[in-house]
Amino acid sequence: GIATGSVDVRNFDYAQMFFVHRDNPLASLTLAQLDAIFGEEHRRGPRNIRTWGQLGLTGEWADKPITPYGWSIDDSFGMYLEATLLQGSHRWNNALHEYAHITRPDGTIYDHGQQILDALAADRYGIAVSNLRYARPEVMPLALAARDGGPAIAVTKENLITQKYPLTRVIPAYVDRPPGMPVDPKVREFLRYLLSREGQQDIVNDGGYLPLNAGAVAAELKKLR
């Protein structure tokens, strides 16, 4: 990896975040719970979750079905969640409402992330994956915990750079190298520059991606030896 995904900058692998309606009493969920809500195979846990009562909500929420909203599953955002959240499963909850970009008559784009949170704003019993850039007053983001009993982490620049947020995006660099052969010296030096203090600062100055933390940089540099 050469950089960290952004918090909310469009086209710079912004953080995938989960939202509920503002009336929902939940403040956080685990990856296992999200897998059980959005997926069908519940690879992270013992069962699928389809009602709010299964998440511990009581009263009027107990028997209400959970309606999931998200990206089109064949979009790169959806494929990322398949690989990370669903642990490689291609079987999604068949109740998932999928959204793709829409080009308006005037040429502007109605982003899928905005469509998703617009839909959630009108659905008290929904849950959605989107990003902070599209947030509305009617919805609120959830903190995520990597495991049961673990700390629930919100999306901030610091939590992405330190990779504490469970779904942190790391931007990869792919090198064309024959098996068993060294990296081309010119390519190796360019990658070293990107991983240097100067290179990481240039990435930040560009205004899109965030830098890697020192430990991640050291791990990447070892790969170039």
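Start by selecting Leu 96: with a relative accessible area of 12%, Leu 96 is buried (under 20% relative accessible area, with a 1.4 Å probe and protein chains only). You are looking at a predicted model, in which local features need pLDDT of at least 70, side-chain atom pairs count only at pLDDT 80 or more, and totals for chains, interfaces and linings use all residues. Residues are numbered from 1 along each chain as its sequence is written, and side-chain values use heavy atoms, leaving out hydrogens and water.

Leu 96 sits in the loop between α2 (76–84) and β5 (97–99); helices (H or I, at least four residues) and strands (E, at least two) are DSSP runs, numbered from the N terminus.

Next, go to Arg 169, in the loop between α4 (157–161) and β11 (170–171). Is Arg 169 buried or exposed? Its relative accessibility is 14%, so Arg 169 counts as buried. Show the side chain of Asp 13 as well: the side chain of Arg 169 makes a polar contact with it at 3.3 Å (a pair of N or O atoms within 3.5 Å; within protein, one must be able to donate a hydrogen and the other to accept it, and residues adjacent in sequence count only if both atoms are side-chain atoms).

Finish at α5, residues 185–195, where Leu 191, Leu 194 and Leu 195 are buried. They cover an arc of only 95 degrees around the axis, which puts them on the same side of α5; the arc is taken over directions from the helix axis to the C-beta atoms.

How values were computed
Buried means under 20% relative accessible area, exposed over 50%, partly exposed in between (1.4 Å probe, protein chains only).
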